[in-house]
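Good morning, and thank you for joining this group meeting.

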Amino acid sequence: MSKVCVIGLGPVGSTIATRIVQRGLVRELVVIDLNEQKAKSEVLDIKDSLCLLPTYTKVSVGTYDDIADADVVISAFGNMQAVLQGGDRFAELKGNVPAVRAITAELKRVGFNGNLIVASNPNDVLTDFFAQESGLPHNQVIGTGCVLDGMRLKHYVSDLLNLDPRSVDGFVVGEHGPTQVIAWSSVNIHGKSIFDYAKEMTIDFDDLTSKIIRGGFSIASGKGYTNVAIAESTVHILEAMLDDAKRILSVVHYHEKYDIYISTPAIIGRNGVEGVVELKLNETEQALFDLSVKTIQEQQKQI
């Protein structure tokens, strides 16, 4: 069993922490938040549930000194209100850059050398910045990226076809943001291409694409934040690491060809990114992906 730390206990971080304990994924969970009273309250709430869970997890509010030996650290801090006001995930950058500097300084101080999962936004450039500031190897720094967008892809396609979303396979790549690319050429249902379904029924791909890209804003505009699906995607990545599952996920990772962090399918195991799967995009998708690359490269200049 492993030791994991969650930094930032807003709606996302607290949901991640709860999911980790409910699934019995780790031996020990340490949580850190600038608001120590909030952190203590979250831990008390989780501890109240332990007697009814099938497994036991040691849960505590900690400091950075407590996580030097952690296997995985999860960054979940953020400011969704800035996103809603700015209309873009990139609106969080200004406030989140100083937080990354502060966190990585502490991680270096205590000698942390595990895997780092970044759920904070803007995910692509912030994951890159975490890697630069932490000094950790590229393979050990991963952003949740388009794993969440891929979940939305499966959600909307399954709703359209009235199927279990687990029947849908396919990838979203590129920026975790407005220039993300829905790789429709990779989407299949029960082994049958979605383009074959489009021959038999009307599928408005533009409408589906818009719903997927705007999914987070659709949720946050109603309840003020998103937490369930992003927590699920984060825990899914964590689980792949802890189980050494070699699972293929469209996470944000370092792409040597473009010298940036961007979402493409990667093999996730105990050592973080253990390989990259080359996705064959069609001509239109490749052009959109190239645009996404340029967008992230321009965003990096603003740090």
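A word on terms: on a 1 Å grid over the protein atoms alone, a pocket is an open set of points with protein on both sides within 12 Å along at least five of seven lines, the probe is 1.4 Å, and lining residues have an atom within 4 Å of a point. Grid points are joined across faces, edges and corners, and a volume is the space filled by probe spheres set on the points.

The largest pocket has a volume of about 850 Å³. Its lining comprises 39 residues, and those closest to its centre are G8, A76, F77, G78 and N79. The model is predicted, with local features needing pLDDT of at least 70 and side-chain atom pairs pLDDT 80 or more, while totals for chains, interfaces and linings use all residues. Residues are numbered from 1 along each chain as its sequence is written, and side-chain values use heavy atoms, without hydrogens or water.

Which elements give two or more residues to this lining? They are α1 (11-22), α3 (80-86), α4 (93-110), α6 (147-161) and α9 (215-223); helices here are DSSP runs of H or I with at least four residues, and strands are E runs of at least two, numbered from the N terminus. The most comes from α4, with 4 residues. By class, the lining of the largest pocket holds 20 nonpolar, 13 polar and 6 charged residues. Ala, Val, Leu, Ile, Met, Phe, Trp, Tyr, Cys and Pro count as nonpolar, Asp, Glu, Lys and Arg as charged, and the others, Gly among them, as polar.

Of its 22 lining residues, V147, G150, M151, K154 and H236 are the closest to the centre. Here α6 gives the most, with 7 residues.

I turn now to the sheet. Three strands form an open sheet in the order β7-β8-β9, with antiparallel pairing; two strands pair if DSSP finds at least two bridges between them. Both β7 and β9 (192-193) stand at the edges with a single partner strand each, so one side of each is left without a neighbour in the sheet. Between β7 and β8 (residues 181-189) there are 5 bridges, and D169 has N188 in β8 as its bridge partner. Helix α6 packs on the sheet and touches β7 and β8, where contact means heavy atoms within 4.5 Å. The direction of α6 makes about 140° with that of β7, using axes fitted to C-alpha atoms, for helices over the stretch in contact, and angles from 0 to 180 degrees between N-to-C directions.

The whole structure has 18 salt bridges, each a side-chain nitrogen of Lys or Arg within 4 Å of a carboxyl oxygen of Asp or Glu. One of them joins K3 and D69, at 2.8 Å from N to O. K3 lies in β1 (residues 3-7) and D69 in the loop between β3 (58-61) and β4 (72-75), so the pair ties together parts 66 residues apart in sequence.

Finally, the backbone. Most residues other than glycine have a negative phi, and most peptide bonds are trans. The bond from N121 to P122 is cis, with omega near -5°. H190 has a positive phi of about 55° and lies in the loop between β8 and β9.
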